[in-house]
Number of protein chains: 2
Amino acid sequence: MSGSSRSRSGDTRPPSLGASTQAEDVSGATQRALIERRRKSMGANLLFYRDPVHLVRGEGVWLFDDENCRYLDCYNNVPSVGHCNARVVEALKRQAGVLNTHTRYLHESVVEYAERLASSLPAELEMCVFTCTGTEANELALRLARAATGRRGVVVMEYSYHGNSNLIAELSTAGLPPERRPDHVVAVEPPNLYRGPYRAGDPLAGESYGRLVAAACRELDERGPGVSAFLCDAIFDSQGGLEAPVDYFEHAYRYARTAGALCIADEVQAGFARTGTMWGFERYGVTPDIVTFGKPAGNGHPVAGLVTSRKIMERFAESQFYFNTFGGNPVAAEVGCAVLDEITERELIRHVVDVGGYLRSRLEELATKYEIVGNVQGLGLYQGVELVSDRQSLEPAAHQARRIPDAMKKEGVLIGLSGRYGNVLKIRPPLVFDRANADQLLDVLDRVLAAA
Amino acid sequence: MSGSSRSRSGDTRPPSLGASTQAEDVSGATQRALIERRRKSMGANLLFYRDPVHLVRGEGVWLFDDENCRYLDCYNNVPSVGHCNARVVEALKRQAGVLNTHTRYLHESVVEYAERLASSLPAELEMCVFTCTGTEANELALRLARAATGRRGVVVMEYSYHGNSNLIAELSTAGLPPERRPDHVVAVEPPNLYRGPYRAGDPLAGESYGRLVAAACRELDERGPGVSAFLCDAIFDSQGGLEAPVDYFEHAYRYARTAGALCIADEVQAGFARTGTMWGFERYGVTPDIVTFGKPAGNGHPVAGLVTSRKIMERFAESQFYFNTFGGNPVAAEVGCAVLDEITERELIRHVVDVGGYLRSRLEELATKYEIVGNVQGLGLYQGVELVSDRQSLEPAAHQARRIPDAMKKEGVLIGLSGRYGNVLKIRPPLVFDRANADQLLDVLDRVLAAA
């Protein structure tokens, strides 16, 4: 394929900090032609940026386009141990050339990977099932919860995202018009201490948000389906990266369990050191019944699954079985182990705490400088910058926010947007991001906010 | 990981034709320990064979266990261009070291892959969406069909298998107790000319089986959900690999479309040259509205998706969107292109017709030799051998069938079982399987049937 040839031969050209592709130069024409081919063969435009980026190479926190312009990746959480991480790529290369079958045959790597994941979690979470994607992991978690409880209902957050299958899309309230929300789904207000019903400074905020889960469980009981699960992502990715009150999950889990629900931690976003602990729920001192994982687990290779208790697995196995063609195959298992090795040996948890803390303190400086920055929120290397047009009414500055990723891309920095009102700048770089990278990001953000 | 080290250093030991792992030798004890570790960390036993095979290496049609015993793979359809195919592994290695992001950025390979898939299909099937697994592809196909028709119901086959998510498990009647079948699913008798209601020699069999689809559509209308799709796998994998009457799909599609349904061809099993044509439905002279693909598309790397018309895609995009983190990423696209290259350059379609025809004729000789072989069915390199205890009543010889894969494994040949009654020997090797491989398979099958 020609897509990657230029970067491999053209590395001697000095990287620049990005360039607009609107110019009528050759690269622009090439790119327009590629976009047109893509529109014809792949349809609806899911491309990021008004001028999409045509990437051909990645390395660590860097991405390079077809003109060899270099971008600082402050957005992608999948390549969490760095784009094209050498250890991960080596594991992939080695195993793909030796054997790539499935879990119907014995293989040691998948057992080792399962053991290592379980050992990173509380003792009762001891059994793994491997899938290919986070969506499939959340799907299976729901099947386990329904089998264990005999009920169908699910409590989720307002403006949640848990995946793209039929069932999970119904639980992903961010993408579903309220009138299409089915009877077995009740959504609660996420514990947003900045703009939710209970705010920072309220000592009962955790308890109060937790009570909403209790009410939602009652609602599901009254409607008929009953409650099988409370499903929540501990970094609240689609809600803009929230820090819940530290006692929120303790209360929410207690209420959910009192109602007979299982507690599912969707760790597809928060897991694997992103928030400064190996798992996002650790900060909150709770033990979920089922933990799902995905995106960063294979650093780009599809690796996902869940970990749960023996009892929950056995209840499921009484009446159903689950097999996933690609899930936990020898290549996925070797890649998964290599990612765990990188997290351990590069001390990425400590690193995330350090760099995340530095990034946060510098973002908070920007909040004192620019009136539009209403709040900085998040944990570790997941930081959300809430833009508001009025610090009293908290009116979301969505219009201004929408322009910022494009403006930053022109200056060679890739970030995204999040939140119910589309007004939260999402900063979620590969975990190998360092203080110098943070400085570059912040300098560009400072300039862009000054011009906003 | 130690799992693959022995095969890499131990290739000088001459391969044998398999060995029992029940013996109390060191390997046996090692294997028991690994099985016990697996039971603790991964739960319910999904392992094939009473004595599971501990595989460490694959090459072409061959698999090697931890004692360097060699097995002829007559079962695995995922590594269709051969275990550890050099071109595919090379593409994987090359791209994984250069860039592995997602389809929110422009990349040429995924566009090229989409174009090549579309060009292998009828002209109206022009737009691709990439997923990670066949389950996800079938999930999305249903979302498209429901968006296009505004109805929810689905007509499937009795004893079907289409995947492992909640929705698709409901449509997979092979694994669902009839009392749990939901209102929006109606299953019809598969067009089994050997033991179904209309049999070989009946010139109206195709029309008669087709009418069952019409009746199922009416049933869904009467129940309320209406019919959104007729979903069928053209090789009828879980039903034992059937050859439908040549006019079956023509009638079934006509009736389904008259009722307003879209026709979804689940080509996860039948696609990519398996049946002697690039796509399984080609033999039947029909054009589906949506074609889903998976398993063999990446030869073990997760590559899957669907191809459909612009109109159907646009209807979906009016109200919904779909994004898959790993689907269609640069590595998946390069691997997918390499598989297509192998199919073309090794002339695998012609090869499948040749070797499949030879295999079939020799299997039919066995049918004349052994009373227990009631029927040989299937297409190309998908052959099913139906075992019966009585050729008049067609009583399935399930008990005898269950022993045969284990007995053949001991002689170094891996096959599986299929069918509603578990009495069909499933022979579905990598497509690079040749006449000499077929001879080895048939010699072993002959001996095992003689001793049955």
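Two strands are taken to pair if DSSP finds at least two bridges between them. The model shown in these views is predicted.

**View 1. Pairing of β12 and β15 in chain A.** Strand β12 (residues 382-387) of chain A and strand β15 (residues 424-427) of chain A run antiparallel and are joined by four bridges. Within this pairing, A:V385 of chain A stands opposite A:L425 in β15(A).

**View 2. The open sheet of chain A.** Four strands of chain A, in the order β11-β12-β15-β14, form an open sheet with antiparallel pairing. Its edges are formed by β11 (373-379) and β14 (416-418) of chain A, each of which pairs on one side only. On average, neighbouring strands of the sheet are turned by 30° against each other, direction ignored.

**View 3. Helices against the sheet of chain A.** Helix α11 (residues 348-369) of chain A lies across β11 and β12 of chain A and runs at about 170° to β11(A). Helix α12 (residues 398-410) of chain A also packs on the sheet, where it touches β12, β14 and β15 of chain A. The direction of α12 of chain A makes about 150° with that of β14(A).

**View 4. The interface between chains A and B.** In this interface, 78 residues of chain B are in contact with 76 residues of chain A. On the side of chain B that touches chain A, 37 residues are nonpolar, 26 polar and 15 charged.

Note on methods. Residues numbered from 1 in each chain as written. Chains lettered and ligands numbered in written order. Predicted model: local features only at pLDDT ≥ 70, side-chain atom pairs only at ≥ 80, totals over all residues. Helix = DSSP H or I, 4+ residues; strand = E, 2+ residues; numbered from the N terminus. Axes fitted to C-alpha atoms, helices over the stretch in contact; angles between N-to-C directions. Contact = placed C-beta atoms within 7 Å. Nonpolar A, V, L, I, M, F, W, Y, C, P; charged D, E, K, R; others polar.
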